[in-house]
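Colleague: I am new to this structure and would like to learn how to read its features. Could you take me through them with care?

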Amino acid sequence: MRGFFVTIAGLFLTACLAAPAALAADAPRIAPPAPWVNAVAIPKADRARGSAPVQILITARQDYFGRESLDNFVETAMLIQTAEGLANANIAIPWQPDHSELVIHHLKIIRGDEAIDVLANQTFTVLRREPNLEIAMLDGVMTAALQPEGLRVGDILNLAWTIKYSNPLFQNHASQIIPNITDVEINELRLRQVWPDDREMRWQASPVLPKPKTRKTRHGNELVFSLKNIEPQTPPLGAPPRYSLAATLETTEFKSWSEISTLFEPIFADASRLEPDSPLKAEAQKIAAQTSNKKRRAELALKLVQDQIRYVFVGIESGGYVPVKPDKTWSRRFGDCKAKTVLLIALLNELGIDAEPALVSTVFGDDLVNRLPVIGLFDHVIVRTDIDGKEYWLDGTRFGDVSFDYMQVSAFPWALPLRTAGAELTKINRTPPQEPNYIIEIDINASRGLDKLAPTTAKLTFRGDTAILLSTQLNSLPKEQRSDHIKAMWQVIGVKDIDDPPEMSYDEATGDLSFSMRGTFKVSSSTTPGGTLYRIPHAAFGWDSNSFTDNNEKRKAPWLLPFPAFEKVTTTITLPNKGDGYRLDEDHINFSYGGFELSRSIAITGDQLKMGRTTKITRSEISADDAKELKSRLSEIDTATATFTLHGDPLQEISAASPETNSPTRDNAKLEYADDYIERGVTLLDQEQFDTAYADFDKAVETEPGSSWGYANRGVASFHLKNYGSARGDFEKALSINEENYVALRGMGMILGNEEDFEGALNFFSRSIASRTDNDFARKNRAVAYASMGRYDDALVDIESVLSANSGDHLLLSLKAQVLLASKKPEDALAAVSKAISLAPDVKKYREQRTQISGVIDQHKRSLTELNQKIIETPDDADLYEYRCWYRMTRNFELDEALADCNRAVDLDPKNSAAHNSRGFVHLRARRFSEAMADFDIALAILPTLPAPLYGRGVARLQRGDKSGQTDIDAALALDPEIAMEFADYGVTVK
């Protein structure tokens with residue numbers, strides 16, 4: 001319930017800007033509601049929601065925009081329906097005494113016709129926890145906590161309180177935003193806002209909210225929303241962060257953004273002035289002595305602020321919106337965005353460079369311009385300056401910005417400069433990067449033969465934020481461990497036998513982080529009737545068109561893109577025999593649409609094959625309509641490989657002439673019918689010669705346009721080539737001709753399974769089996785679909801059906817072991833994987849699977865009973881609570897108890913990184929992604945090189961549609977290449 005109360009209270013606590021200085025009271029006051037508050041009637045429970053632990057019957061929020069204060073009244077009534085629900089009755093109301101006053105009106109237990117006054121015998125305990133201290137935030141939040149005594153299942157807990165804010169800093173201007181109005185399941189929600197007749201308030205509500213009622217009352221103007229049967233809103237897949245705040249209500253007295261700009265200007269202008277004897281004047285003189293170039297001076301000033309002042313948010317006293325003066329910040333050597341901003345402005349002004357502060361929003365992005373002028377929309381402040389006619393946006397809270405030429409593009413589309421005459425929202429020109437921020441250069445010397453491991457040199461370069469983050473993490477590791485992590489990065493891209501140690505360098509002038517190495521590489525190849533086909537390493541763009549898959553056909557929300565991204569890959573191969581006989585099989589690619597610019601060129605000159613590929617993202621987001629079109633266009637090239645062929649290979653000619661070692665004995669001259677091409681194509685599929693098989697099926701369709709089997713098999717070849725869009729089209733065409741084509745039916749199952757639409761995949765696999773009962777392929781994949789849906793018993797039925805006819809299928813035995821382990825049958829799982837190992841002793845992953853299962857069995861031996869006893873014996877041991885939380889979390893059971901254990905561990909030891917990491921994982925399982933990211937942030941703040949919280953934060957970000965989560969994933973894999981497998985063992989994968 002703690003999170004629930006915070007949400008309903010509507011505190012828009014921000015990352016760097018907070019509420020203004022206000023009323024001061026460090027303990028709640030008990031008093032009746034103010035006269036303007038309307039009484040709240042508690043509705044009856046909804047039987048349809050009777051199985052949940054608790055049922056929130058009503059939440060009523062009433063706001064009064066008075067001249068002296070802004071009052072937020074909240075009343076809620078919650079029905080306790082199960083014993084588990086009693087745990088949710090731990091009341092905790094946060095408020096900031098420096099900014100507000102908390103008034104408790106009543107706390108009652110309603111039992112039938114009886115109303116028990118809890119406050120008659122109990123009082124609130126006031127806690128000052130500074131819950132965000134680990135992530136460098138001092139917000140001054142206090143919590144009024146109480147555990148109601150005597151509460152029973154079937155009781156209704158009824159609580160009402162008011163938080164009173166005063167705003168002298170804002171000259172009594174009133175503005176407020178209430179985000180996330182519909183993020184909790186509530187039977188009835190009422191929102192009421194009241195303001196005196198002499199206030200000219202404007203309001204704006206999200207379209208998802210119903211039309212409000214407005215009227216005049218004795219207390220002034222009244223605005224009322226009433227909502228019933230609220231279900232939490234899930235943000236659209238892959239949408240920008242602002243869509244997680246879709247249901248909002250904005251109310252403001254400001255007529256324009258310019259009024260806010262004028263209001264804040266003197267606050268920052270006063271704070272930016274240096275004292276006559278300020279030590280910062282000497283720092284400015286040191287910079288001036290180094291260079292007369294204004295741009296270079298500004299770069300050095302920014303570096304000083306970023307490097308010498310650590311980030312700590314200070315929201316206590318007047319710190320919410322009033323910056324700490326530069327001299328005090330310099331003395332402290334810490335500060336938040338406001339303090340860093342005025343310090344940087346002071347330095348720039350001292351160096352003869354004009355600069356001004358600008359408010360920005362980390363949440364609302366491009367949508368800020370569509371909002372009413374509300375102070376609470378802004379949660380960060382940066383610096384704007386103009387040097388030699390060019391505009392720069394500088395952020396003192398970042399680090400590693402060594403050069404304006406290589407500085408990361410501003411993440412904020414809009415800014416509000418603070419000026420005496422006022423300013424409107426200013427569009428920040430977010431130009432795409434002109435230089436790649438990720439570069440791979442590989443040089444493979446295959447002159448002695450492409451069938452051998454070839455000497456290889458390579459260089460990997462990161463720029464921008466990724467370089468800064470990765471450099472920081474790697475430099476914090478011991479030398480040997482750092483070397484292992486760098487080697488792991490190279491192994492991921494296929495380089496083997498890496499020389500020790502691989503080289504790492506950081507360019508202070510550009511911010512480039514580079515890795516160089518020497519090793520070996522073997523070019524992948526396959527045989528075809530026309531010669532040996534070789535795949536050029538790293539020629540695929542890697543952009544899967546399914547990234548823009550959403551089951552919501554009416555989707556209107558845009559998709560978030562990983563802007564700014566600019567990748568450049570160069571592969572050079574020195575060919576044998578001076579390049580004689582080698583020919584390219586690919587055309588150049590130049591693709592531009594929807595913010596994607598993809599290009600690839602390949603050429604053979606003498607004995608040198610050179611492939612160059614670039615991927616550039618030029619927008620931060622793309623509309624839903626453009627995404628549909630982009631998906632269609634990308635489907636042909638998103639994972640397209642590039643190949644070259646050695647024609648006239650004598651070994652291939654001998655193989656093709658031998659019917660014992662290759663299939664079709666017919667030559668092209670004798671292929672007349674579609675069935676002839678299909679027969680040969682199927683044989684080529686079995687030999688994994690997918691390109692050539694595709695050509696045969698293509699010819700079959702050309703010969704007989706009504707050939708259902710031609711389309712179905714061409715779809716299979718496309719699927720193997722990862723051209724999923726083409727595959728789907730062929731399967732659908734085959735089924736339009738013959739709806740019982742079992743190959744096309746199971747092909748559609750594979751397509752939907754690949755898209756994680758397991759329900760749809762299940763339907764097609766079942767239809768394929770009905771069409772042809774001896775269809776083990778469909779049964780195996782239906783088992784995978786069942787298992788992915790958690791229907792383990794059904795999966796085992798299909799697995800056993802296939803194994804009854806082929807008990808030697810070791811891959812299926814491994815799947816059986818995985819399903820049995822998920823079914824909490826580790827001993828049976830161990831038997832299944834042991835049999836798989838006996839059939840295929842050289843398969844490494846089976847042995848790894850057995851090790852994992854054995855570990856699970858060993859862990860179960862340390863039963864919860866033993867662990868509980870240890871906690872009884874040492875009740876203040878944070879590690880024991882963390883372990884029990886981890887034990888429950890990794891097995892995905894008793895998650896509420898796991899959360900309680902982690903909470904206890906954190907209370908006992910706030911610096912316990914493992915406890916924050918485990919609690920973040922619990923939130924991740926429960927799909928509470930914001931809470932998960934907060935815990936992972938704290939774990940990383942304590943120990944920055946932990947791969948698990950870094951990977952977990954990346955998963956949480958991706959689930960929220962923030963594709964910057966991939967940066968976390970990549971960094972975690974660089975630290976521990978096995979981390980993805982570890983998370984997968986716990987049932988968490990990147991989607």
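Colleague: What is the order of the strands in the open sheet of 5 strands?

Modeller: As a general idea, strands of a sheet pair through backbone hydrogen bonds, and the pairing is either parallel or antiparallel. In this predicted model, the open sheet of 5 strands runs in the order 22-21-20-23-24, and its pairing is antiparallel. At the edges are strand 22 (390-394) and strand 24 (426-427), each of which pairs on one side only.

Colleague: How many bridges join strand 20 to strand 23?

Modeller: Strand 20 (residues 355-360) and strand 23 (residues 414-417) run antiparallel and are joined by 2 bridges; in one of the pairings, Ala358 has Pro417 of strand 23 as its bridge partner.

Colleague: Which strands does helix 2 lie across, and which does helix 6 lie across?

Modeller: Helix 2 (residues 257-271) lies across strand 20, strand 21 (380-387) and strand 23, with an angle of about 60° to strand 23. Helix 6 (residues 337-350), in turn, lies across strand 20, strand 21 and strand 22, and runs at about 15° to strand 21.

Definitions and conventions
Residues are numbered from 1 along each chain as its sequence is written. This is a predicted model: local features need pLDDT of at least 70, side-chain atom pairs count only at pLDDT 80 or more; totals for chains, interfaces and linings use all residues. Side-chain values use heavy atoms; hydrogens and water are left out. Two strands pair if DSSP finds at least two bridges between them. Helices (H or I, at least four residues) and strands (E, at least two) are DSSP runs, numbered from the N terminus. Contact means heavy atoms within 4.5 Å. Axes are lines fitted to C-alpha atoms, for helices over the stretch in contact, and angles run from 0 to 180 degrees between N-to-C directions.
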